[in-house]
Amino acid sequence: MRSGRPAQPTPKTDTGETIMKLAKYAKFRQEKFGGVLFETRSEKVYALNPTAAALVREIGAGCDERSLVARMMDRFSDSGGFMEREVLAFAASLRAHGLLEE
Amino acid sequence: MSVPATGSADLGAPLYIAWQVTNECNLACLHCIEESGPGKAFHDELDEAQVFSFLGQLMDHQVPYVSFSGGEPTLHPQFFEMVEYVCGRNAQLKIETNGHGLSVEKAQRLQRLGVKAVQVSLDGASRETFNRMRVRGDFDLAIAGIRNLHAAGVPVEINYSPTLFNVHEIGRAVDLAYELGAYSFYTGRTMYTGNAVKTWHRLAPAEAQYAAFFEVLHAKADEYRGRMRVYFHEMGLLEELRYRLEHPAALLIVLPNGLVKLINALPFVCGDLRHQPLEEIWGNFQRAWRDPRVAQFVEDLGADSRKTSTLHQWIYL
């Protein structure tokens, strides 16, 4: 029989938002073209453009989805009004690839 | 390892260092591609200062993933200090070992240091086949080492090299790996190089045996999906090398004496850590993959698959 580890409480912000962080086996490195995210268990490499790299840096520093959107809006122009949707979609994609822990 | 949307040439440093830290080994396996064994340490292996200078460069360049292999890496005199250095600086470390020396205490120490995984070679589901393949080896010691790792909470991977006399055990070997608590199982075709050149007539499975072997693996991959990952490379070496010519992995193979190879399955050396910094070697690595001699070697391999017998006759690019 395999023993499971006890579940750890999920970190939350003061407002109850879940704090995202990179998964244990996901390693980020800044590159000239943006960045690279290396999932060392599957040995898959994800190349990131500068915007995606900035998002991953923010996640690496620890933040919830709401503050991630706010920080990206501070940094980049949202002339089309798509920023929130795209940031949330990106976070969902990281989650789907097992690159986020919450 | 694949790099979607960009290639290793776009990266500022390697992502993965596979370091054969010593050629010394307590076993003398029939198929060992490095011809390791007792008394087989290179006379010019990196000394302690060179080892830690190299590790420092890796951490400075934020290389995220390192593996220690050999030979038997746990026999390196600074083994645990090296593990501590890498794990303590936020890189991930995999150790590739025969598992024979992994006592309860050593397994617990590896867990405390935070190794990402330990890969143990288990070429057989029985004492008979394992001990035949792993000369001086002991199936029970390998199993005990794996059990110690699992009990300590160290993630375990199993590596399996198929041969004429163990190829039929693949299904049981996958089951055994799962019973022992492994989270991954790796296998592929055994290479004609190193010790295998001398023992090939006793080792090489026939194509029909390989076909049955991969058929079992497909079924086992499905059976264990979601519980243990079963990885296998059906592709032959030639197809793999042709792919790598177009898509070099961001991986450096480091030999015990600090020479850096393009890839294990080619004889080409693109740097020497004793005399060159990592960034210079990384630049050489990019150029070396485009050297016509590399493509020619791969093409020649298509005509004569036994050229892999010369992989230890290094060619400096």
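In helix α5 of chain B, the residues B:F139, B:A142, B:G145, B:I146, B:N148 and B:L149 are buried. The structure described here is a predicted model, and the elements that cover these buried residues of α5(B) include α3 (104-113), β4, α4 (127-133) and β5 of chain B. Helix α5(B) has 14 residues and reaches 20 Å from its first C-alpha to its last, which is close to the 20 Å expected at 1.5 Å a residue. Just after the helix, B:G153 takes a positive phi of about 90°.

With regard to confidence, the model scores ipTM 0.82 and pTM 0.91. Chain B averages a pLDDT of 93, and 98% of its residues score at least 70. Over residues 1-5 of chain B, however, pLDDT stays under 50, and for this stretch the model has 15 contacts beyond four places in sequence. Where pLDDT is low, the predicted coordinates should not be read in detail.

The strands of chain B include 11 that form an open sheet of mixed pairing, in the order β7-β6-β5-β4-β3-β2-β1-β8-β9-β10-β11. The edges of this sheet are β7(B) and β11(B), the latter covering residues 315-316, and each of the two pairs on one side only. Helix α5(B), which spans residues 139-152, packs on the sheet and touches β4 (117-121) and β5 of chain B, its direction making about 165° with that of β4(B).

Within the sheet, strand β1(B) comprises residues 16-20, and five of its five residues are buried, so the strand is largely enclosed by the rest of the structure. In a regular strand the side chains alternate between the two faces of the sheet. In β1(B), accordingly, B:Y16, B:A18 and B:Q20 point one way and B:I17 and B:W19 the other way, and all are buried. Strand β1(B) pairs in the parallel sense with β2(B), residues 65-69, over five bridges, and in this pairing the bridge partner of B:W19 is B:F68 in β2(B).

Strand β5(B), residues 156-160, likewise runs parallel to β6(B), to which four bridges join it, and B:I158 stands opposite B:F185 in β6(B).

Helix α8(B), formed by residues 207-223, has 17 residues and reaches 24 Å from its first C-alpha to its last, close to the 24 Å expected at 1.5 Å a residue. Its buried residues are B:F213, B:L217 and B:K220. Seen down the axis of α8(B), these buried residues fall within an arc of 65°, so they line one face of the helix. An α-helix has 3.6 residues a turn, so residues three or four places apart point the same way. On the other side of α8(B), the residues B:E207, B:A208, B:A211, B:E215, B:H218 and B:D222 are exposed. The cover over the buried residues of α8(B) includes α6 (170-179), β6 (184-188) and β7 (229-233) of chain B.

One of the buried residues of α8(B), B:F213, is also in contact with B:V167, whose other contacts, leaving aside neighbours within four places in sequence, are B:P162, B:P205 and B:Q209. Residue B:V167 lies in the loop between β5 and α6 of chain B, and it counts as buried because 21 C-beta neighbours fall inside 10 Å. Although B:V167 and B:P205 are 38 residues apart along the chain, their C-alpha atoms are separated by 7.2 Å.

Chain A, in turn, has 102 residues, of which 24% count as buried. Its secondary structure comes to three helices and five strands, and from the N terminus on these elements run β-β-β-β-α-α-α-β. Of the contacts in chain A with a separation of 6 or more, 43% are accounted for by residues 24 or more positions apart.

How values were computed. Residues are numbered from 1 along each chain as its sequence is written. Chains are lettered from A and ligands numbered from 1 in the order in which they are written. This is a predicted model: local features need pLDDT of at least 70, side-chain atom pairs count only at pLDDT 80 or more; totals for chains, interfaces and linings use all residues. The expected span of a helix is 1.5 Å times one less than its number of residues. A residue is buried if 20 or more other C-beta atoms lie within 10 Å of its own, exposed if 12 or fewer, and partly exposed in between; C-beta atoms are placed from the backbone. The arc is that of the directions from the helix axis to the C-beta atoms. Two residues are in contact if their C-beta atoms, placed from the backbone, lie within 7 Å. Two strands pair if DSSP finds at least two bridges between them. Axes are lines fitted to C-alpha atoms, for helices over the stretch in contact, and angles run from 0 to 180 degrees between N-to-C directions. pLDDT is the predictor's confidence in each residue, from 0 to 100.
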